Amino acid sequence: MKIQIAVGDAVLTATPENNPSAEAFLALLQEQPITVEMSDYAGMEKVGSLGTSLTRSDSQISVGAGDVVLYQGNQITIYYGTNSWNFTKLAHIDGATKENLLDVLGDGNASVVFSIDRDSR
């Protein structure tokens with residue numbers, strides 16, 4: 001099963017991680033798509049409130065362009081840069097590069113819709 005990430009007319013596909021947090025995120029998306037209002041942070045990520053808390057599977061990890069991360073249990077982040085911190089990786093956007101993510105996510109705020117990719121079931 002894949003995750004679909006839509007920003008305006010652009011649609012990205014992400015492969016979920018194999019951990020309890022990713023499973024909880026997928027279960028949430030099975031119910032309905034989730035729209036997250038995301039903003040730039042530190043020139044490396046878009047971040048926004050998930051609107052609920054998920055099980056955390058935090059560990060010290062390094063992330064890069066295309067990683068979708070759960071932060072503090074209730075924030076979702078899409079990285080276009082790199083970082084190392086204690087958080088949970090939920091998924092990775094297939095074929096992501098910093099450049100194509102910046103093209104899709106744009107500058108400033110972005111309304112991002114996360115859903116199940118029904119074609120990947």
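This is a predicted model: local features need pLDDT of at least 70, side-chain atom pairs count only at pLDDT 80 or more; totals for chains, interfaces and linings use all residues.
Let's start inside. The largest nonpolar core has 28 residues, and Ile5 and Phe114 touch the most other members. Strand S9, residues 110–117, gives the most to this core, with 4 residues. If you set aside its neighbours within four places in sequence, Phe114 is in contact with residues including Ile3, Phe25, Leu29, Met38 and Ile78. Apart from this core lies another one, of 5 residues, among them Met44, Val63, Tyr79 and Phe87.

Now look at Asn83, found in strand S8 (residues 83–93). Its side chain makes a polar contact with the side chain of Tyr79, at 3.1 Å. Not counting residues up to four places away in sequence, Asn83 touches Met44, Glu45, Ile61, Ser62 and Val63.

Next come the salt bridges: a search of the whole structure finds 5. Here are some of them.

| Salt bridge | Closest N to O distance |
|---|---|
| Lys2 and Asp94 | 2.9 Å |
| Lys46 and Asp40 | 3.1 Å |

For the next pair, Lys46 is buried, with a relative accessible area of 0%, while Asp40 is partly exposed at 33%.

Asp67 is buried at 5% relative accessibility, whereas Lys89 is partly exposed at 24%. Through shared partners, salt bridges join Glu17, Asp67 and Lys89 into one network.

Conventions
Residues are numbered from 1 along each chain as its sequence is written. Side-chain values use heavy atoms; hydrogens and water are left out. A nonpolar core is a set of buried Ala, Val, Leu, Ile, Met, Phe, Trp, Tyr and Cys residues joined through side-chain atoms within 4.5 Å. Buried means under 20% relative accessible area, exposed over 50%, partly exposed in between (1.4 Å probe, protein chains only). Helices (H or I, at least four residues) and strands (E, at least two) are DSSP runs, numbered from the N terminus. Contact means heavy atoms within 4.5 Å. A polar contact is a pair of N or O atoms within 3.5 Å; within protein, one must be able to donate a hydrogen and the other to accept it, and residues adjacent in sequence count only if both atoms are side-chain atoms. A salt bridge is a side-chain nitrogen of Lys or Arg within 4 Å of a carboxyl oxygen of Asp or Glu.
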